[in-house]
Amino acid sequence: MKHVLGLLPEEIEADFLELGEKKFRAKQFTRWIFRNRILELDKMTNLSPKLYPGLDRVFDLELPEIKKISRSEDGSRKYALALKDKLVIEMVIMPSEEKTTLCISSQVGCKRACSFCATAAMRLKRNLEVHEIIAQVFIALNELKENERLTNIVFMGMGEPLDNFKNVMKSVEILRNESCFQFSPRRITISTCGVIPGIRELINSKVKVKLAVSLNSAIDEKRTELMPVNKLYPLDDLKKVLIDYTKNSKFRITFEYILIKNKNMEPEDIKALKKYTGDISCKINLIPWNSVSSKRDYMAPAPADVDNFAAELKVLSAAITVRQSKGQDIAAACGQLAAKTKNMR
């Protein structure tokens, strides 16, 4: 049985034809699902009940169960979603005055072991299937408040998206499809810790999305301490593939730099960051570290130190932004997602 949220319209149409049904029936079915966000067959009022048995045999129409909703004082909401195998993932809806962003997961856990990230402590359980990725968007759209409109999707939740390349790319295809969600590529961002083969695949795929790179240090030794992936894909090699990316994309790269007191905020760190990013078309997001219980030796910087760090980078042509993470009070901010299953209703 195929889950309908993991299929493109032409794949749904092919299954309808195999059932002996007309193409227009497949289009009706697709519209109910992706435009009206209806998954119950008996609510699809222009479909004949005679179709139900065949559709039930071919398509899985179940969504992950919402196990818990945590609500932040800043308006963010974190959703714990239980998958069919009882594993749990998290997604976050982050509203602001001008936009509403959905942060989605691509894996259950992660194998990349970044020292500042709670997801890393889970280790990798498995990749998410396409329908499990799309289900997060489907659920989020149904959970929006009247004054909210989903404008941006970021693959910055649990997992390394480029370690699940095939499923993430098909998810992007469904998100962009005119008969599905119609998201503009400039509204979709894939974040990576710097998995060079995945970035190369992204370049070769010609799929248009924005790319964010978790950098966190432009000094190899320090970056390796923070991000063991740097042993496999060191900074010089990463920069080469990122320059290739900029030659093949109209979008600037975003560098994410988590600021950790006494770890990556010294004058040498600023100098290295300037040198590394100075000749790349990019934006730099500075993110004060969000507390993770497993790293008690890490400390968030004082606001004045963050401001000083940002001021030192103003000589760059890059856009410099200090990003205040949303949802810190519900462990929904950058690096805090860990899908704890205890105390869930």
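1. In this predicted model, the side chains of Lys-222 and Glu-268 form a salt bridge, with 2.9 Å from N to O. Lys-222 belongs to helix 8 and Glu-268 to helix 11, so the pair links distant parts of the chain, 46 residues apart. Lys-222 is buried, because its relative accessible area of 17% is under 20%. Glu-268, at 46% relative accessibility, is partly exposed.

2. Helix 10 covers residues 235–247 and has 13 residues. From first C-alpha to last it reaches 18 Å, close to the 18 Å expected at 1.5 Å a residue. Its buried residues are Leu-235, Leu-238, Lys-239, Val-241, Leu-242 and Tyr-245. Among the elements these buried residues pack against are helix 8 (220–226), helix 11 (267–277) and strand 12 (253–259).

3. A second salt bridge joins the side chains of Glu-148 and Arg-77, at 2.7 Å from N to O. Glu-148 sits in the loop between helix 5 and strand 9, and Arg-77 in strand 4, so the pair ties together parts 71 residues apart in sequence. Both residues are buried.

4. Asp-15 and Lys-2 also meet through their side chains in a salt bridge (2.8 Å, N to O). Asp-15 is in helix 1 and Lys-2 in strand 1, so this pair ties together parts 13 residues apart in sequence. Asp-15 is buried at 6% relative accessible area, whereas Lys-2 is partly exposed at 40%.

5. How many salt bridges are there by this rule? The count comes to 18. Glu-13, Lys-23 and Lys-27 are linked in a network of salt bridges.

Key: Residues numbered from 1 in each chain as written. Predicted model: local features only at pLDDT ≥ 70, side-chain atom pairs only at ≥ 80, totals over all residues. Heavy atoms only, no water. Helix = DSSP H or I, 4+ residues; strand = E, 2+ residues; numbered from the N terminus. Expected span 1.5 Å × (residues − 1). Buried < 20%, exposed > 50% of the residue type's maximum accessible area, 1.4 Å probe, protein only. Contact = heavy atoms within 4.5 Å. Salt bridge = Lys/Arg side-chain N within 4 Å of Asp/Glu carboxyl O.
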